[in-house]
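This briefing goes through selected features of the structure shown below, grouped by topic. Please keep the sequence and the coordinates at hand while reading.

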Amino acid sequence: MKQDIIICRDIKKAYGTGETEVVVLKGITFSIKEGEFVAIMGPSGSGKSTLMHILGALDTPTSGEYFLDGKDVAKLSDEELADIRREKIGFVFQAFNLLPRTSVLRNVALPLVYANMPKAEREKIAEKALDDAAFPKAFWSYHSNQISGGMMQRVAIARSLVNNPALILADEPTGNLDSRTGEVVLHTFQSLNMQQGKTIVLITHEPYVAEHADRIIHIRDGNIVSDEKNAHKRVARNEKDIAI
Amino acid sequence: MTTSDLFEETYSAVTVNKVRSGLTMLGIVIGIASVIALVAVGQGSQASIQANINSLGANLLMIMPGATKSFGTTVRSAAGGAETLTPDDADAIASQVQNVAAVAQEASGRYQVIYKANNANTSVMGTTPSYLQVRNLAVDTGSFVSDSDVSNANRVAVIGPTVLQDLFAPSANASATPDMAIGQTIQIKGVQFTVVGVTVAKGGSGFSNQDDMIYVPLSAAQHYLLGSTGYLTEVDVEAASQGAMTQVQDDITTLLLQRHGISDPTQADFSILNQASIVSTASSVTGTFTTLLAAIAAISLLVGGIGIMNMMLTTVTERTREIGLRKAIGAKKGDITLQFLAESVMLTFTGGFIGIVVGWLGAFLISLFTGITTSVSVPYIVLAFFVSAGIGIIFGYYPARRAAGLNPIEALRYE
C-alpha cells in the first residue's frame, strides 16, 4: 500500500475580515497517494488557484490541516514555508518563469543554488533532470529565451525535478502552448509518472488536459464536487521532432 | 546561496543591462572622483602653504617694532612703522634668552636700484650673516654678507634671482646668469654697491618675496641708505627647537618690556609673530577649505547614491516575476535581500574603484595644467572605498527589502 503524500482535512481559506470576508475554500478534504497523477479541475473563480497555492506551500489555509509528506504545513511561518518549497515541491508554471538570458542548465540548477549545493554536483543533477524531461542535449547551453515554448516548458519541468520533490505541482502547464507542444509536455508528465513514479498534481480548466491524469478532482465554488478515477485516460502522443 | 553563486548571479544581473548599469555607476564615479580630486587639491594647497611658511625659516620668531594696541583706541599702528627696536635689543636677546639658536637683525627700505640702463624698485635689507640661518636662505653663487662686511660697513650687495633677472638680463626674453652679476657695481639710492653673491630661488611666500630682494650689511644700510637712525625694522630669532618656541617668545617679551621700561604688556611697543601659530592658523584655514571642497563633492556622491536606489527600484519592479519564481523554488527573504544588496554594492564598489582612478588622474591633470599642488592621500582612498560600499548598502537596502518582502503569489502573477 502506497503512502499518502498529501492529506488535506477541511481546508478553509478566507480573505478579508468581517463583512468584507470572502470565503474561497469552504472545507476541502482529500488525500493523494505517492505516485498518483491527479488533475484538479474547475472553472476560474472556483478556488483551484488558491488550493494550488496552499498545496504548493506558497500560502497557508485559514483553518484545516495540510500534511505534505508527513509534515504539517498549515501553520508554518514564511521562512519555514520556503524550506518546504525548496525540499518537497517542484513547480511548473503556465508562463514557464525561466530566467531570461541564462543558460538552460543554469535555469534547471537554480533550486539547488538555494540548497547550497556545490556547482559540479548541481550540474550533474540538472543534466539528469534534463534527460528525464526529454530535453535534447544539444540545447543545454542555449539561453532560455532562445528556445521554443514547448522546450521552455520542458526546461521548467526539469527544474521542478532537480530537488527530487515529493510533489510536482503543475499550474496550467499547457496554457501557453499550442495543442501539439502541449501534447509533448503532457507526455513528459505521463512518462515521469509512469516510469519514475513521480507524484504529479496538475491544475487545469481544460477537460482534455485533465483527462491525461489517473484521477480528476472537480472543484466548484470552493467545494469538491467530484473526486473520481479517470475512466478513460488519454495517452499523450510522443512527438520526437517538435520544432525548436 | 554560496558566495561564488551570489557573485555569479550578481555579475550576470549587473551586466544584463550594461548601459543602464554604466550610467548609474557614472554617478558614483563622478562623486568619488570629485571627492578624491578636490580633497587632493585642498590637501595639496595645505601642504604647499605649510611648506612656504616653513621655508621662511625653522622655529622662527619675528619681532617687529610697533605697538600691538594703543590703550583706549581700536586703531593699531602699523607693525614696523615705529622706531623702537635697536641692535642692542637684538644683542640682549642673543645673550640673555635661553634656547636661542640665532638672531638676525634687519633694517630695510624700498629703493630704486640701477645697473647700466636697467633699473628696478625693490626691497633692500641691511642684515647680519646669521640671516642665512634664521631665514633658511642659501647663496647660489658667490658669498653672503660677512661679519667683516658688517663691521666695516662695506658696500657689498647680495641679490635675489628676481633682481638678478630685472637688472642683468641682456634682453627681455633672455635670462641672466649669476656670473653676469658677480663683481658688477649697482647703484642703490645713488650709492654704489658691488654684487658679491646671488641667493637661490625660493619662490614667493606669503609675507615677503625673498627672491625680489637685495641684502647689504646692516651697518652699510644704516650708514648709506636709511640715514643712520640706528633702529631696526625687524629682528628674527630662531629658537633651538620647536618645543622651546613658546618659552623663547615669553622670555623675549619679558626682556624687551623690561628694556623698554613698559610695565603693562598690553602697551608693548613691539609685536612677536610666532611661526608655529602662523602655520596652525594657515592649517586651520586650509583645513576648512578642504572640508568645504569635500562637502561639495559629497553632494554629488549623494546624488549618485540616489541614482543607485532609483535603478535598483526599477530593477526590482522589472524582475518581480523572477523574484516570485526564486521564492517559489525556495529562496528565503535573506537570499533575496542579499542578492539585491550585492547588486547595488557591486555597482557602487566598481564605480568607487573607477572613481578613485579618475579622481587620481584628475588631481594629476589639475596640477599639470594649473600648477596647483595636489596630494592624493591614501586614507581618503581607503575612505572612498568604504563610503562607496556603504552607499551601495544604504541605497540598496530599501529596494532589496522591498524585493524580499514581495508576496510570491502576487509576484508570480505580476504582469
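Which residues of H8(B) are buried? They are B:Leu218, B:Ser219, B:Ala220, B:Ala221, B:Gln222, B:Tyr224 and B:Leu225. The model is predicted.

**Helix H8 of chain B**

- Helix H8 of chain B spans residues 218-225 and is mostly covered, with 7 of its 8 residues buried.
- The partners of these buried residues are strand E2 (100-115), strand E3 (118-127), helix H5 (147-152), strand E6 (185-188), strand E7 (191-199) and strand E8 (213-217), which belong to chain B.
- After H8(B) comes B:Gly227, which has a positive phi near 85°.

**Helix pair H10 and H12 of chain B**

- Helix H10 (residues 275-318) and helix H12 (residues 333-370) of chain B pack at about 145°, and their axes are 11 Å apart.
- H10(B) crosses H12(B) in the right-handed sense.
- On the H10(B) side, the contact is made by B:Ile308, B:Met312 and B:Val316. On the H12(B) side, B:Phe340, B:Glu343, B:Ser344, B:Leu347 and B:Thr348 take part.
- By class, the residues of this contact of H10(B) with H12(B) are 5 nonpolar, 2 polar and 1 charged.

**B:Gly392, a residue of H13**

- B:Gly392 is part of helix H13 of chain B, which covers residues 378-404.
- B:Gly392 counts as buried because there are 26 C-beta neighbours inside 10 Å, and the cut-off for buried is 20 or more.
- Not counting residues up to four places away in sequence, B:Gly392 touches B:Ile308, B:Ser344, B:Val345, B:Leu347, B:Thr348 and B:Phe349. Among them, B:Ile308 belongs to the H10(B) side of the contact described above, and B:Ser344, B:Leu347 and B:Thr348 to the H12(B) side.
- B:Gly392 and B:Ala102 are 290 residues apart along the chain, and 58 Å separates their C-alpha atoms.

**Helix pair H3 and H9 of chain B**

- Helix H3 (residues 87-96) and helix H9 (residues 245-259) of chain B pack at an angle of about 135°, with 11 Å between their axes.
- H3(B) and H9(B) are therefore oblique to each other, and their crossing is right-handed.
- B:Asp89, B:Ala92, B:Ile93 and B:Gln96 of H3(B) meet B:Ile252, B:Leu255, B:Leu256 and B:Arg259 of H9(B).
- The residues of this contact of H3(B) with H9(B) comprise 5 nonpolar, 1 polar and 2 charged.

**B:Leu60, a residue of E1**

- B:Leu60 lies in strand E1 of chain B, which runs over residues 60-65.
- B:Leu60 is buried, since 22 other C-beta atoms lie within 10 Å.
- Although 75 residues apart in sequence, B:Leu60 and B:Arg135 are 7.7 Å apart in space, C-alpha to C-alpha.
- With neighbours within four places in sequence left aside, B:Leu60 contacts B:Val134, B:Asp236, B:Glu238 and B:Gln275.

**The sheet of chain A**

- Chain A has an open sheet of 6 strands in the order E6-E7-E8-E3-E9-E10, with mixed pairing.
- Strand E6 (89-92) and strand E10 (223-229) of chain A are at the edges, each with a single partner strand, so one side of each has no neighbour in the sheet.
- On average, neighbouring strands of this sheet are turned by 20° against each other, direction ignored.
- Both faces of E6(A) are covered, with A:Ile89 and A:Phe91 buried on one side and A:Gly90 and A:Val92 buried on the other.
- E6(A) pairs with E7(A) in the parallel sense over 4 bridges, and A:Gly90 is opposite A:Ile168 in E7(A).
- Strand E3 (residues 37-41) and strand E8 (residues 200-204) of chain A also pair in the parallel sense, over 5 bridges. In E8(A), A:Leu202 stands opposite A:Ala39.
- Helix H6 (residues 179-196) of chain A lies across E3, strand E7 (167-171) and E8 of chain A, at about 155° to E8(A).

**The contact of chain A and chain B**

- Chain B gives 19 residues to the contact and chain A gives 18 residues.
- On the chain B side, helix H1 (3-16), helix H11 (320-328), H12 and helix H14 (408-413) each give two or more residues.
- H11(B) gives the most to this side, with 5 residues.
- The residues of the chain B side divide into 9 nonpolar, 3 polar and 7 charged.

Definitions and conventions
Residues are numbered from 1 along each chain as its sequence is written. Chains are lettered from A and ligands numbered from 1 in the order in which they are written. This is a predicted model: local features need pLDDT of at least 70, side-chain atom pairs count only at pLDDT 80 or more; totals for chains, interfaces and linings use all residues. Axes are lines fitted to C-alpha atoms, for helices over the stretch in contact, and angles run from 0 to 180 degrees between N-to-C directions. A crossing is left-handed if the near helix is turned anticlockwise from the far one by less than a right angle, and right-handed if clockwise. Two residues are in contact if their C-beta atoms, placed from the backbone, lie within 7 Å. Ala, Val, Leu, Ile, Met, Phe, Trp, Tyr, Cys and Pro count as nonpolar, Asp, Glu, Lys and Arg as charged, and the others, Gly among them, as polar. A residue is buried if 20 or more other C-beta atoms lie within 10 Å of its own, exposed if 12 or fewer, and partly exposed in between; C-beta atoms are placed from the backbone. Two strands pair if DSSP finds at least two bridges between them. Angles under 35 degrees count as roughly parallel, over 145 as roughly antiparallel, 65 to 115 as roughly perpendicular and the rest as oblique.
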